[in-house]
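Welcome, and thanks for taking a look at this one with us. Here is a short briefing to read alongside the sequence and the coordinates.

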Amino acid sequence: MIRDLDSREEAIVAVAREAGELAREFFSKPIEIKLKGKQDYITEADGQVERMIISRLKARFPNDAFLGEEGGAEGAGDALWVIDPIDGTANFAHGIPHFCVSIAFMAGTELALGAIAAPMYGELYRARAGRGAFLNDRPMRVTDADIKQAVVELGWSSRRPVRAYTALIERVLGTGATFLRAGSGALGLAYVAAGRTHGYCEMHINSWDTLAGLLMVREAGGWSNDFLASDGLRRGNAVLACAPGLKDALVTATGVGQANEKLERRIS
Ligand code: IPD
Ligand code: CA
């Protein structure tokens, strides 16, 4: 059992904010950019921001474990921090300000805390299980809409075939909703929680991109499939998160969260 969630909550917010500021400094100067896969970018900022986050958290919680996008897994135990130092790296690399730092904390199998800093927007999102989700201290609530007025973000990566993505777009557009792709899964989920968009779906995404945002959607009254089923923590999974009134239409259109996906759960 994790005893000290209060101090971890305080730390996750402070460290996400500091990491966001470091990312913002890198954004404003020329830095080295490389491809680690097809349309999969890495910059010198990613590693440095991740190392800063881990060193700050380790100094306060030396026995905790870490799973970072860049550095992989470190340590073991029931207290696990899941870190994406820069989500929306392609945007970041191209000078587009739509990127964020995303940090989640798992207490055993429970998603307990999440924080997302979007430094170029001056936005800090946070959530704690059972205690709500906030955007700069304003409580967040998902927004329901008629599917014909809904905006659903559809994430893409080269980890799934292009055809699967174009078919997903067709099926979602077929419901009457529209779609966007803004290039940060973490912010895409935070936007659902904030009621700016109505849903987020991606056929494969990693836990560091999603966990903080998923907790925010849950705490803001939304629904999601069970992302952590089938070892989603380490292998990634499909994700669908949305306002509750859109669940049926979007589950049918995307195929994510159907009854045969065991362990699916209502999040409210
Ligand atoms: C990616 C972004 C993107 C999502 C991909 C992620 P990165 O992370 O979140 O929006 O569609 O699945 O890999 O590379 O920007 O850290
Ligand atoms: Ca990411």
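This is a predicted model: local features need pLDDT of at least 70, side-chain atom pairs count only at pLDDT 80 or more; totals for chains, interfaces and linings use all residues.

Residues are numbered from 1 along each chain as its sequence is written, chains are lettered from A and ligands numbered from 1 in the order in which they are written, and side-chain values use heavy atoms, with hydrogens and water left out. The protein is divided into domain 1 (5–139) and domain 2 (147–267), with bounds that come from an automatic or database domain assignment.

**How the domains meet**

- The centres of domain 1 and domain 2, taken over C-alpha atoms, are separated by 20 Å.
- Contact (heavy atoms within 4.5 Å) involves 39 residues of domain 1 and 26 residues of domain 2.
- Together the two domains bury about 2400 Å², 68% of it on carbon and sulfur atoms; buried area is the accessible area (1.4 Å probe) that two parts lose on being put together, summed over both.
- On the domain 1 side, His98, Leu111 and Tyr125 lose the most area to domain 2, together 23% of what that side buries.

**Polar links and make-up of the interface**

- Ten residue pairs, both at pLDDT 80 or more, are in polar contact between domain 1 and domain 2; a polar contact is a pair of N or O atoms within 3.5 Å, and within protein one must be able to donate a hydrogen and the other to accept it, with residues adjacent in sequence counting only if both atoms are side-chain atoms.
- β7 gives the most to the side of domain 1 that touches domain 2, with seven residues; strands (E, at least two residues) and helices (H or I, at least four) are DSSP runs, numbered from the N terminus.
- One salt bridge is found across this interface.

**Ligand 1**

- Of the 17 residues around ligand 1 (a heavy atom within 4 Å), Asp87, Gly88, Thr89, Arg159 and Glu202 come nearest.
- Oxygen atoms of ligand 1 lie 2.7 Å from a side-chain N or O atom of Asp87 and 2.5 Å from one of Glu202.
- At Gly183, a polar backbone atom is 3.1 Å from an oxygen atom of ligand 1.

**Salt bridges**

- The count comes to twelve salt bridges, each a side-chain nitrogen of Lys or Arg within 4 Å of a carboxyl oxygen of Asp or Glu.
- Arg8 and Asp64 form one of them (2.9 Å, N to O), linking helix α1 (residues 5–27) to the loop between α2 (44–60) and β3 across 56 residues.
- Arg196 and Glu123 also meet in a salt bridge (2.7 Å, N to O).

**Around Glu69**

- Glu69 sits in the loop between β3 and β4 (72–74).
- Its C-alpha atom is 8.9 Å from that of Ser207, 138 residues apart along the chain.
- Leaving aside residues up to four places away in sequence, Glu69 touches residues including Lys36, Glu50, Trp208 and Asp209.
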